[in-house]
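I open this notebook to record what I looked up in one structure. The entries follow the order in which I went through it.

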Amino acid sequence: MKCELLAKLMPSSLDVSNYGSKSNDSITSEDILIKLSYSKLNDSELNFLLAKFLDDLNCRSSLYKDLLNKVIVLFKKEGENDLVCEGGNDLVCRYVDVAIMESIMVSCPFCNGTGFNIFNHSIDKCYHCSDGVFIYSDNVRADLIGVKKNKFLKKKYEKIMEELVELEQSALSKIGDK
């Protein structure tokens with residue numbers, strides 16, 4: 001975890017009456033800490049929120065491991081072993097990684113979420129995104145996973161995305177932001 005961010009979130013005294021927004025509608029780091037501490041998030045939900053909103057790589061790694069184990073168990077229980085193969089180049093790992101990327105990274109990496117690419121003396125509309133939001137089509141997903149479009153297992157990918165959507169909705173409902 002990013003120690004600097006967590007250190008900023010730690011209250012400096014036991015008296016919580018001093019914390020909170022004093023003027024305007026500003027949110028302090030203590031507000032965030034208190035909200036997360038009382039929301040009773042499980043580890044996967046907390047990892048998801050910190051990975052998505054704070055871009056925490058350790059939380060993303062933990063989320064990846066949790067989701068990977070859950071997906072492997074789910075597919076084996078359903079008798080779908082064609083995606084889960086033995087060896088170091090596991091196809092299910094790439095599916096999970098791309099699904100996490102899609103749910104966490106919404107802004108376009110090519111234009112940095114602006115919707116426009118700036119070249120030497122021209123400004124062009126970014127064709128990878130729609131107003132800065134990256135477009136994840138089946139072709140893009142297949143390319144990111146490293147399979148051909150006709151080998152892309154859309155139904156299995158959708159099951160992984162359903163797990164992530166449920167995780168996000170559960171986390172957001174617990175913090176009261178749904």
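**Entry 1: salt bridges.** I note at the outset that this is a predicted model. I began with charged pairs, and the count came to seven salt bridges. In general, side chains of opposite charge can pair when their charged atoms come close.

I looked up Lys174 and Glu45, whose side chains meet in a salt bridge at 2.9 Å, N to O. Lys174 belongs to helix 7 and Glu45 to helix 3, so this pair ties together parts that are 129 residues apart in sequence. I recorded Lys174 as partly exposed, with a relative accessible area of 36%, whereas Glu45 is buried at 2%.

I then turned to Arg60 and Asp97, whose salt bridge has an N to O distance of 4.0 Å. Since Arg60 lies in helix 4 and Asp97 in helix 5, the pair ties together parts that are 37 residues apart in sequence. Arg60 is partly exposed at 24% relative accessibility, and Asp97 is partly exposed at 35%.

Within helix 6 I found Arg141 and Asp138, three residues apart and thus separated by about one helical turn. The closest N and O atoms of their salt bridge are 2.8 Å apart. Arg141 is buried, with a relative accessible area of 14%, and Asp138 counts as buried at 16%. I also noted that salt bridges with shared partners join Glu102, Asp138, Arg141 and Lys154 into one network.

**Entry 2: surroundings of Glu45.** Which residues does Glu45 touch, not counting those up to four places away in sequence? I listed Lys40, Leu167, Ser170, Ala171 and Lys174. Of these contacts, I followed Lys40, which is found in the loop between helix 2 (29-38) and helix 3. Lys40 is exposed, with a relative accessible area of 70%.

**Entry 3: backbone angles.** Most residues other than glycine have a negative phi. Lys40, although not a glycine, has a positive phi of about 60°. I recorded a positive phi of about 60° for Asn112 also, again not a glycine. Asn112 lies in the loop between helix 5 and strand 1 and is exposed at 66% relative accessible area.

**Entry 4: nonpolar cores.** I found that the largest nonpolar core has 33 residues, and that Tyr95, Val96, Ile145, Tyr157 and Ile160 have the most contacts inside it. Two or more residues each come from helix 3 (43-53), helix 4 (57-77), helix 5 (91-104), helix 6 (138-145) and helix 7 (154-174). Helix 5 gives the largest share, nine residues. For Val96, leaving aside neighbours within four places in sequence, I listed contacts with Tyr64, Leu67, Leu68, Val71 and Ile160. Apart from this core lies another, of six residues, among them Cys108, Cys126, Phe134 and Tyr136.

**Entry 5: cysteines.** How many disulfides does a search of the whole structure find? The search finds zero. Cys108 is in no disulfide, and its nearest cysteine sulfur, that of Cys126, is 3.7 Å away. Cys108 counts as buried at 1% relative accessibility, and Cys59 is buried with a relative accessible area of 1%.

Entry 6: Phe116 is in strand 1 (residues 116-119) and is partly exposed, with a relative accessible area of 44%.

Terms used
Residues numbered from 1 in each chain as written. Predicted model: local features only at pLDDT ≥ 70, side-chain atom pairs only at ≥ 80, totals over all residues. Heavy atoms only, no water. Helix = DSSP H or I, 4+ residues; strand = E, 2+ residues; numbered from the N terminus. Buried < 20%, exposed > 50% of the residue type's maximum accessible area, 1.4 Å probe, protein only. Core = buried A, V, L, I, M, F, W, Y, C linked by side-chain atoms within 4.5 Å. Contact = heavy atoms within 4.5 Å. Disulfide = S-S within 2.5 Å.
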